[in-house]
Amino acid sequence: MKRTFLGEFEEIVLLVVAGCTEEAYGVTIWERVQEHTGRSISLSAVHATLYRLEEKGFLTSEMGGATAERGGRRKRFFTITNYGNRALQEINEIRQQLWRAIPADKLQPKLSFS
Amino acid sequence: MENRPQPSPPRWIDRLLTAIIAPHFLEDILGDLHEVYARQIKSGPARQARLRYLLAAARYVRPYFMKRKPGSYSPTYIFSPAMIKNYLKISLRTLAKQKAYSFINITGLALGMAVAMLIGLWIYDELSFDRSFQNFNRIAQVWQHQTFNGQVGTQTSLPFPIGDEIRRNYGADFKHVVMASWNNKHILAAGDKKFNKAGSFFEPDAPDMLSLRMISGTRAGLKDPYSILLSESLAKAYFGDADALDRTIKVDNKLNVKVTGVYEDLPHNTSFRDVSFMLPWQLMVIANPWLKTMDDPWRPNAYMTYVQLIDHADIDQATARIKDIKKRNINKEQLKYKPDVFLNPMRDWYLHSEFKEGHRVGGRIEFVWLFGTIGLFVLLLACINFMNLSTARSEKRAKEVGIRKAVGSVRNQLITQFFTESFLVVGFSFALSIALVVLFLPFFNEVADKKIAMPWAEPVFWLAGIGFSAITAIIAGSYPALYLSSFQPVKVLKGTFRAGRFAAVPRKVLVVVQFAVSIILIIGTAVVFRQIQFAKNRPVGYTRDGLITIFTSTEDIHKHFEAVRHDLKANGAIAEMAESGSPTTETWSSTSGFEWKGKDPEQSVDFWFDEVSYEYGKTVGWQFTQGRDFSREFATDSVALVVNETAVKFMGLQNPVDEPMTWFKKPYKIIGVIKDIVVNSPYAPHRPQFFCLSAGQGNVINIRLNPTSGSAASVAKIKETFEKYDPGSPFEYEFVDERYAQKFLDEVRIGKLTTFFSVLAILISCLGLFGVASFIAEQRTKEIGVRKVLGATVLSVWGLLSRDFVLLVGIAFLIATPGAYYFLNGWLQKYDYHTTISWWIFALTGLGTLTITLLTVSFQAIKAATTNPIRSLRSE
């Protein structure tokens, strides 16, 4: 099956956008990604990933919601597309299959006393 | 509502970001950045917030954010493959459409490039002379300045003991000190093979110093006094492919030596290229025992000395140390010659070894400059042509530019189009010029006495060639590319466009420059040949025709001299024969020991001097002005002298005949005065010359052939007789007139080369003129048509078109003559015996150039003048 490849970081960003209840734009997504992963990430990395995901068709965006602290500049609100949704689900399914294939004993922490 | 100013991040960062980030990203990114900043400024110090802002902003400097979104119109392609194909196709069509023009343009430029390449290769070869020696930077030759007759002369010959003296007392500066003989011919015999070959005697360090590449044997081969080192080619000549090592060779029919090594031939562009074998110095000393028992070994200067400096020695300091080496060793009375010894470094041997009054004044480097200048000029001519023709032709294409623009061409496409054409023509020219160089190189090598090969594998060559081509293409293409492409299509197409009044001025200037250079070259060539002819016509003071010279290295003929002479005279082969120390065309020795009445005892003199046998005067054809020749009838002639007129003048004698003189304190007497003989340089003034009878063997046998029988038959008879009396020597002879002609080789060579280049320069200029003339005739087609309709004659139209060019050539002539006169006069002044530059050379050159110009222009002018006016007027 042909599918656009999703990188690890792209997947996280896509998941974050999908999981947003309110309108998602650069700053909120950036904060959430950091919050969820516990990693320090630059804003530019998040921007680049968002645009790339939009180019690939996983996200769409529209402008709006200018505020004073933004100097009157509008935000770009991202929403996930159907294509994006399906991609996330497929990834999840593959993951689940792989998880199920792991024998139970292998997941137990190994103890050794030698 | 807004009551307090929003704290805003540094403006300059925003400005930079605005410039860097693509517009379609800019708004939300900048907004997000500001929002983050606003939060940080609330929670922390402003400085920290600003720093973070800067760091965050810096992360946006990456291609992804910088790349602009393509516009919604389809982009204009300038370098897409389709366009490139189109540029080439159009260029080729343009070239093919104007065949004559393309031919002129490509050939002209190719000729110029080929000349520049040949000259470049020649200069490279000259400058790399001797550089193939590994110790190039450390080798030097010992020279000396001496003062004679009030002038400082500079020479390479030094006394026999100087090598040992340098080693003993000055050795700290030198790694090797090598004494060497002059490179002379010797008979080498091995088995039945016998040749007369040139080689030298060297001290044993020579192979090391010259970093000889040994094919067999070792560089230590000269340590044994009875050994010989052969060059590869000589070893092949004697032993074929067999091993030459340890074979025996007989030198000059008396000395047996063993081959102890074979070395790779020295390259053609080295000072030692004519050394085809090396003999040990020790062998020369053994063969000439008198060398060890000389009364005053520091007096005669006859040997050469080479040194290799130690690695960090400074040559100037070493020179300063050995400067007085001769003064410390010679007799007191010779101090008046003021011998200053100095080291001449190898890098100066070939190009910078001309001295005047004890100072270096140049040398062959002048030719390097001369030809370098000529090469540059010819190239310049070719480039001027190319630019002239390109710009002239391109004006015709104004309409094309208009139409192209009207149908949507953008300026960059036009620029690329014109540059493509220019690059294509230059590319063709470059390829053609390489072909021409390959074609001409053998001929050029022969004329210039070089062995230059095409430097195919040399990156510098390609870099220079391609770099130059690119520059020419850019310069020549820039006018149409940048100027024509700026035309407004409306103006061009409506016909209101007009090239400015001064558009033709640069072209005219270029034509003038071109012809000025050509005229200088023509005059130069004429003067060089006049000078050669002038020197050739100089009275030589003897009869060259029918005189042959045989160099002897064995004594067999000398022992039977009278028998040989009698035999040859009896069978009618010769009129007379005699021995002498030097060949007639040269003088190999000079002496300083003469005293005469009224001579200032402090005066240092140096007279050319030769020992000859009876009948020498009759053999060569001396022309006596006073007195008589040596004669067997006077026993006292063993102390008699024959002198030349210059000697008489120099000594200030009123009645030279019977004038007593002394030579190293021995009494002598002048018996005859002869007309001056041209020896050594045919351009130098005559110098005092003395002859006396020889007690021993001469180096040379001079033979006057019997004028009544054919020279080929006579020479055959001489060969037979010589081989009978001297079976060990190969019979080799030279005609004196040929040997004399060799004195002019260098000048003839320069003459030939300048002729070659001048012809090319003229050809290139004419090609250019032809092109420009055809362009102008075409431009004025309508005007000529109207004139003809109104009654103009062919002649008046011809005059109309030719007048401009004649004027330009006239101006060029006025510019060129003073320049040519200045340079050539300077060149002639270097020769003591030189021709004058007469006005008629200038007149003739001017007339010639004018004729060529008219011929070139007339072809176009008459074609234009005879065209039916209806055809030219109907054309629109």
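Trainee: Which residues of α25(B) meet which residues of α28(B)?
Mentor: In this predicted model, α25(B) brings B:Ile762, B:Cys766, B:Leu769, B:Phe770, B:Ala773, B:Ser774 and B:Ala777. Facing them from α28(B) are B:Ile852, B:Thr853, B:Thr856, B:Val857, B:Gln860, B:Ala861, B:Lys863 and B:Ala864.

Trainee: What makes B:Ile762 and its partners count as being in contact?
Mentor: The cut-off is 7 Å between C-beta atoms placed from the backbone. By class, the contact of α25(B) with α28(B) holds 10 nonpolar, four polar and one charged residue.

Trainee: Why is α25(B) called roughly parallel to α28(B)?
Mentor: Helix α25 (residues 745-779) and helix α28 (residues 839-866) of chain B pack at about 25°. Angles under 35 degrees count as roughly parallel. Therefore α25(B) is roughly parallel to α28(B). Their axes are 9 Å apart.

Trainee: Is the crossing of α25(B) and α28(B) left-handed or right-handed?
Mentor: The crossing is right-handed.

Trainee: How many residues of chain A are in contact with chain B?
Mentor: 17 residues of chain A, against 18 residues of chain B. On the chain A side, α2 (26-37), α3 (43-56) and β2 (75-80) each give two or more residues. The largest share, five residues, comes from α3(A).

Trainee: Which classes make up the side of chain A that touches chain B?
Mentor: Six nonpolar, five polar and six charged residues.

Trainee: What does UniProt list for residues 102-324 of chain B?
Mentor: An unreviewed UniProt entry gives "domain: MacB-like periplasmic core". In the model, that span is 28% helix and 32% strand. Its end C-alpha atoms lie 67 Å apart.

Key. Residues numbered from 1 in each chain as written. Chains lettered and ligands numbered in written order. Predicted model: local features only at pLDDT ≥ 70, side-chain atom pairs only at ≥ 80, totals over all residues. Contact = placed C-beta atoms within 7 Å. Helix = DSSP H or I, 4+ residues; strand = E, 2+ residues; numbered from the N terminus. Nonpolar A, V, L, I, M, F, W, Y, C, P; charged D, E, K, R; others polar. Axes fitted to C-alpha atoms, helices over the stretch in contact; angles between N-to-C directions. Parallel < 35°, antiparallel > 145°, perpendicular 65-115°, else oblique. Left-handed = near helix turned anticlockwise from the far one by under 90°. UniProt positions renumbered as here; feature names shortened; annotations may be inferred.
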